[in-house]
Amino acid sequence: MPEVLVLIEHADDTVAKVSLELLTLARRLGTPVAVVVGAPSPSVVEKLGGYGASVVLSADDERVASSVTAGVVGLLASLVSSRDVAAVLLPSTPEAKEIAGRLAVRLDAGVLTDAVDVTSSDGQVVVEQSVFGGSTVVHATATRGAPVITVRPNSVTPEESPTSPSVETAPVADDGGRHAKVVSRSPVRAGGRPGLTEASVVVAGGRGVGAAEKFALIEELADALSGAVGASRAATDAGWYPHAAQVGQTGVTVAPQLYIACGISGAIQHRAGMQTAKTIVAINKDAEAPIFELADFGVVGDLHTVVPQLIAEIHARKG
Amino acid sequence: MKIVVCVKQVPDTWSEKRLDPADQTLDRAAADGVIDELDTYAIEEALRLKESQDGSTVVVLAMGPASAAETLRKALSMGADEAVHVVDDALHGSDALATSLVLAKAIERIGYDLVLLGSESTDARMGVMAAMLAERLGVPQASLASAVAVDGPTLRVTRVTSAAQEEVEATLPAVVSVLEKINEPRYPSFKGIMAAKSKPTSTLSLGDLSIDPSAVGLGAAATKVLDSTARPPRGERTVIKDEGDAGARVADFLASRKLL
Ligand SMILES: Cc1cc2nc3c(=O)[nH]c(=O)nc-3n(C[C@H](O)[C@H](O)[C@H](O)COP(=O)(O)OP(=O)(O)OC[C@H]3O[C@@H](n4cnc5c(N)ncnc54)[C@H](O)[C@@H]3O)c2cc1C
Ligand SMILES: Nc1ncnc2c1ncn2[C@@H]1O[C@H](COP(=O)(O)O)[C@@H](O)[C@H]1O
């Protein structure tokens, strides 16, 4: 069976949930091979094996880690040309999408971004994408090369499939190219909340929240549900919450199990970033707000009274 | 310093977008074309770099149908010096690979120290073009920038990824894509709008770029849309008016969906 390369995201002893989702999808297409930049700890290897990686390829090389995009592209390109590879799967983060694009140029292969599902039909890899802000569902395929596919977090539930992977060292060659170098790096969000794109629950606040300090209420609800905090552009532009939390066309696209929109009207540009959430709840004092067209459950009311009550209810029910 | 800014004409975000049922490409006739809002940040950054360095020029480059000339004019009215429009019927249906091939050839022909792009187009939303151009041009990629500084031949960029904020260094020439938070794009002034009318604008065909028409367009695409359907409307919806118990009723709903 051909192999499917999966670019793993890991930090210290943890593997990102999206990587486990990619390994789960990879098993539908071939034998999953986990590609790890850096030296994977034994617990990382065990975790990858738990989700079906038959081989863990480690590239523990400063040149790969410190060059912008190019190092990882070189690594993946050499693996594709030296092995029997059916597809390359990466997470749909901005940085991994760049790797995918560059790799596709180098391999002259089709690149498919933001897949929400990946299947194999008659030996052909087919992806499902949700385009135009989630209003249209598309099935697409690559017509040449091993398809390079980025998959949105939360597209599939990770399923275990225990194996004991062999750990191999991936060959890293100096390509002699001129690359941008990372001279320093400071990780974002050391805090306790999950990342916005990976979270299964996102609680988002908009202009209706009213003030920066009122976002504490949104954070409290997010924490009660172990979720991440999002914001509309009106809220980030007002400086009430960091830009990184902006959900929508010019922000992050999220597809959580649950999205709770508080004081957000539901402009088309905001919907573009959250429309594919499995369940949507909206709290808005204007019964005519377009967000209610999307909401599975909507409350016409003041978020400043509804949200505290909801938080209290959640705590009460969790005991 | 010579700065080339890639600008894309996209359907207005307020308009309905759909795929042409005949060939599954974006039905551009069905939507009004406007300059991609994200690209105005790249133009603004180019203008600021130009203003900080004497003798700099800003060339805006678009690949797209004849109507994309409007987008270039908007860029000129913001203050860019010159516009180049790659237009050719054979380009219809080009995928990202082909687009990057065409843009790279045009950029080489124009000549450049720095190429600036938006980090993602608002219609395709692939976010791949800066990386693809760096690959094709064989120059450093310093993308996803929230700050850009040029100091002699050295380029310094603050790069924001989903996991980290990075300080990145490269030597020019290089390719940079910018994030929305990098600046506040200026509005064209009346003077700028008038001046745009007399600024040099040239068009290039595939022949001018020595690109074989069979290497681009729908027929050459490395990806293919098999089918497209409108997303089915969401299932049953409930909207209640808060009667003092809405918090509890949301909790009931979440519990019924096993979300608590
Ligand atoms: C090119 C472009 C790109 C854009 N990209 C994005 C993007 O990525 N993300 C994004 O979000 N927007 C984006 N926008 C902006 C978008 O069009 C809207 O302006 C924005 O989403 C509005 O944010 P909002 O819903 O918080 O504010 P508003 O539209 O002002 O809505 C506020 C809502 O809060 C309700 N409200 C007020 N007080 C209360 C209360 N006490 N309790 C309950 N409800 C209350 C009001 O009824 C109202 O419905 C973009 C726009 C353009 C042109
Ligand atoms: N046809 C085009 N003409 C000029 N620039 C483009 C074109 N397509 C994409 N770009 C540039 O590439 C960026 C990213 O686009 P994309 O990778 O398609 O999301 C855009 O913000 C533009 O700067």
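Some conventions before that. This is a predicted model, in which local features need pLDDT of at least 70, side-chain atom pairs count only at pLDDT 80 or more, and totals for chains, interfaces and linings use all residues. Residues are numbered from 1 along each chain as its sequence is written, chains are lettered from A and ligands numbered from 1 in the order in which they are written, and side-chain values use heavy atoms, with hydrogens and water left out.

Ligand 1, then. Which chains supply its surroundings? Residues from chains A and B surround ligand 1, so this site is shared between chains. There are 27 residues around the ligand, and R207(A), S232(A), T250(A), S265(A) and N284(A) come nearest; a residue is counted as near if one of its heavy atoms lies within 4 Å.

On polar contacts, the rule is a pair of N or O atoms within 3.5 Å; within protein, one must be able to donate a hydrogen and the other to accept it, and residues adjacent in sequence count only if both atoms are side-chain atoms. An N or O atom in the side chain of S232(A) sits 2.5 Å from an oxygen atom of ligand 1. A nitrogen atom of ligand 1 has a backbone N or O atom of V247(A) at 2.8 Å, and a polar side-chain atom of H304(A) is 3.5 Å from a nitrogen atom of the ligand. On its own, ligand 1 has 980 Å² of accessible area, of which the protein covers 82%. Those areas are Shrake-Rupley with a 1.4 Å probe, and for residues only the protein chains shown count as cover.

Elements giving two or more residues to this shell are α7 (233-237), α8 (268-271) and α9 (303-318) of chain A. Helices (H or I, at least four residues) and strands (E, at least two) are DSSP runs, numbered from the N terminus. By class, the shell holds six nonpolar, 15 polar and six charged residues. The classes are: Ala, Val, Leu, Ile, Met, Phe, Trp, Tyr, Cys and Pro nonpolar; Asp, Glu, Lys and Arg charged; the others, Gly among them, polar.

Next, ligand 2. Of the 18 residues around it, C6(B), D39(B), M63(B), S121(B) and G127(B) come nearest. Backbone atoms make these contacts: an N or O of V7(B) lies 3.4 Å from a nitrogen atom of ligand 2, a polar atom of G118(B) is 3.2 Å from an oxygen atom of the ligand, and one of G127(B) is 2.9 Å from an oxygen atom of the ligand. The shell divides into 11 nonpolar, four polar and three charged residues.

Now exposure, where buried means under 20% relative accessible area, exposed over 50%, and partly exposed in between (1.4 Å probe, protein chains only). I193(B), in helix α5 (residues 190-196) of chain B, is partly exposed at 39%. A289(A), in the loop between β16 (279-284) and β17 (297-300) of chain A, is buried at 5%. Its C-alpha atom is 9.0 Å from that of A267(A), 22 residues apart along the chain.

Last, salt bridges: a side-chain nitrogen of Lys or Arg within 4 Å of a carboxyl oxygen of Asp or Glu. Over all chains the count is 31. E3(A) and R83(A) pair at 2.6 Å, N to O, linking strand β1 (residues 3-7) to the loop between α4 (70-82) and β6 (85-91) of chain A, 80 residues apart. E3(A) is buried at 15%, while R83(A) is partly exposed at 23%.

Another pair, R102(A) and E135(B), meets at 2.8 Å. This one crosses between chains, from helix α5 (residues 94-107) of chain A to helix α4 (residues 129-137) of chain B, and both residues are buried.

Within helix α9 of chain A, R317(A) and E313(A) are four residues apart, about one turn, and their closest N and O atoms are 3.0 Å apart. R317(A) is partly exposed at 39%, as is E313(A) at 23%.
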